[in-house]
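Hi there,

Here is the structure I promised to pass on to you. Have a look at it first, and then read on for what turned up.

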Amino acid sequence: QTGAAGLPCTKVMLAERMYMRREMYISIMLDRAAGGPIFIASPAGGTSIEDVAEATPELIFKQPIDIMVGITDAQSTYLATSLGFTP
């Protein structure tokens, strides 16, 4: 937070506007049940993943991550194809 006087702005970033063709949801979270991180993905996307999980739980894909191994190629391929990408 700045004070009442603020701070001078010396740079402005400009970027080309891009239009999304589709939304998806991808997250890595700590999961108590899995005992570590878990990769969660859904092709339904959007900001309300809880609503997606309630209405269409078959569109939520989860993969626990072994912290000693990391995300494997097989897990990456599974999640990518679950999201609609082709390997």
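Let me begin with helix α2, where Asp73 and Ala74 are exposed and sit on the face turned away from the helix's buried side. Please keep in mind throughout that this is a predicted model. The buried residues of α2 are Gln75, Leu79 and Ser82. Around the axis they cover an arc of only 60°, so they lie on the same side of α2.

A search of the whole structure turned up one aromatic pair. Its partners are Phe61 and Tyr78, arranged edge-to-face, with 6.0 Å from centre to centre and 80° between the planes. Because Phe61 belongs to strand β3 and Tyr78 to helix α2, the pair ties together parts that are 17 residues apart in sequence.

One more ring may interest you, that of Phe85. The charged end of Arg22 sits over this ring, 4.7 Å from its centre.

Now to the loop between β3 (61-64) and α2 (73-82), which is where Ile67 lies. Together with Met68 and Val69, Ile67 makes a nonpolar surface patch of about 400 Å². Is Ile67 itself buried or exposed? With a relative accessibility of 67%, Ile67 counts as exposed, since the cut-off for that class is over 50%.

- Gly3 is in the segment before β1. Its relative accessible area is 54%, so Gly3 is exposed. Gly3 and Thr72 are 69 residues apart in sequence, and 48 Å lie between them in space.
- Thr10 also has its place in the segment before β1, a strand that spans 25-31. Thr10 counts as exposed because its relative accessibility is 73%. From Thr10 to Ile28 there are 18 residues in sequence and 35 Å in space.
- Ala34 is found in the loop that runs between β1 and β2 (36-42). A relative accessible area of 39% makes Ala34 partly exposed. Ala34 and Leu14 are 20 residues apart in sequence, with 42 Å between them in space.

Key:
Residues are numbered from 1 along each chain as its sequence is written. This is a predicted model: local features need pLDDT of at least 70, side-chain atom pairs count only at pLDDT 80 or more; totals for chains, interfaces and linings use all residues. Side-chain values use heavy atoms; hydrogens and water are left out. Patches are made of residues with over 30% relative accessible area and no salt bridge: like charges are joined within 9 Å, nonpolar side chains (Val, Leu, Ile, Met, Phe, Trp, Tyr) within 5 Å. Accessible areas come from the Shrake-Rupley method with a 1.4 Å probe; for residues, only the protein chains shown count as cover. A salt bridge is a side-chain nitrogen of Lys or Arg within 4 Å of a carboxyl oxygen of Asp or Glu. Helices (H or I, at least four residues) and strands (E, at least two) are DSSP runs, numbered from the N terminus. Buried means under 20% relative accessible area, exposed over 50%, partly exposed in between (1.4 Å probe, protein chains only). Rings of Phe, Tyr and Trp (its six-membered ring) pair if their centres lie within 6.5 Å; planes under 30 degrees apart count as stacked, over 60 as edge-to-face and the rest as tilted. A charge sits over a ring if NZ of Lys or CZ of Arg is within 6 Å of the ring centre and within 35 degrees of the ring normal. The arc is that of the directions from the helix axis to the C-beta atoms.
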